Amino acid sequence: MQVARNLVVSFDYKLKDEHGEVIDSSEGSEPMQYLHGVGGIIPGLEKALEGRAVGDSFQVVIPPDEAYGEHNAKMLQTVSRKDFGKDQDIELGMRFRVQTNLGPRVVTVIDIDGDAITLDGNHELAGETLHFDVTVRGIRAATSEELEHGHVHGPGGHHHD
Ligand code: ZN
């Protein structure tokens with residue numbers, strides 16, 4: 001079986017930045033699982049997995065436009081400390097989930113200047129070229145429920161309460 005649309009694929013990966021530093025990895029946990037062909041993972045990785053078989057190992061370099069996008073200066077926003085709850089501690093690097101006109105987003109505190117707090121709504125990997133080492137671990141047909149929901153259920157996947 002080869003990776004194709006509507007199949008559930010599991011894979012191990014190591015993600016490195018341009019300097020070869022490991023940013024993320026499936027090592028020590030279950031392989032990553034996704035439903036192929038529905039945009040559940042970044043486009044460059046989905047494309048690189050197309051047609052692969054179980055046991056295939058490969059490396060792929062993914063530019064920002066096929067990963068988490070370019071860093072967008074419009075997604076920086078400076079707000080006042082008053083906009084946060086009174087007892088809210090605010091520190092550099094903290095993340096908040098906020099509601100924006102583009103839907104819910106995670107923003108990161110990137111600067112604190114007195115009462116002025118600068119938030120960055122870009123994905124933490126925006127603007128990064130990603131270097132993946134990938135090994136395909138499993139391929140199976142998706143259940144009709146998974147296809148309906150557009151994501152994987154069961155171990156390593158999404159669960160419903
Ligand atoms: Zn579901």
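Student: What makes the residues with the most contacts inside the largest nonpolar core a core, and which are they?

Tutor: In this predicted model, the largest nonpolar core has 22 residues, and L45, L49, I62, L130 and F132 have the most contacts inside it. The set is called a core because its members are buried nonpolar residues joined through side-chain atoms within 4.5 Å. Strand 1 (7–16), helix 1 (43–49), strand 4 (57–62) and strand 9 (130–141) each give two or more residues to this core.

Student: Which residues is F132 in contact with, leaving aside its neighbours within four places in sequence?

Tutor: They are Y13, K14, L15, I42, L45, F58, Q59, V60 and I62. Each counts as a contact because heavy atoms lie within 4.5 Å.

Student: How do you know how much of the contact set joins residues 24 or more positions apart?

Tutor: Of the contacts with a separation of 6 or more, such pairs account for 62%. The elements run β-β-β-α-β-β-β-β-β-β-α from the N terminus, with two helices and nine strands.

Student: What share of the protein is buried, and what makes a residue count as such?

Tutor: Buried residues make up 34% of the 161 residues. A residue counts because its relative accessible area is under 20%. Of the accessible surface, about 10,000 Å², 46% belongs to carbon and sulfur atoms.

Terms used
Residues numbered from 1 in each chain as written. Predicted model: local features only at pLDDT ≥ 70, side-chain atom pairs only at ≥ 80, totals over all residues. Heavy atoms only, no water. Buried < 20%, exposed > 50% of the residue type's maximum accessible area, 1.4 Å probe, protein only. Helix = DSSP H or I, 4+ residues; strand = E, 2+ residues; numbered from the N terminus. Areas by Shrake-Rupley, 256 points an atom, 1.4 Å probe, with all protein chains shown as cover.
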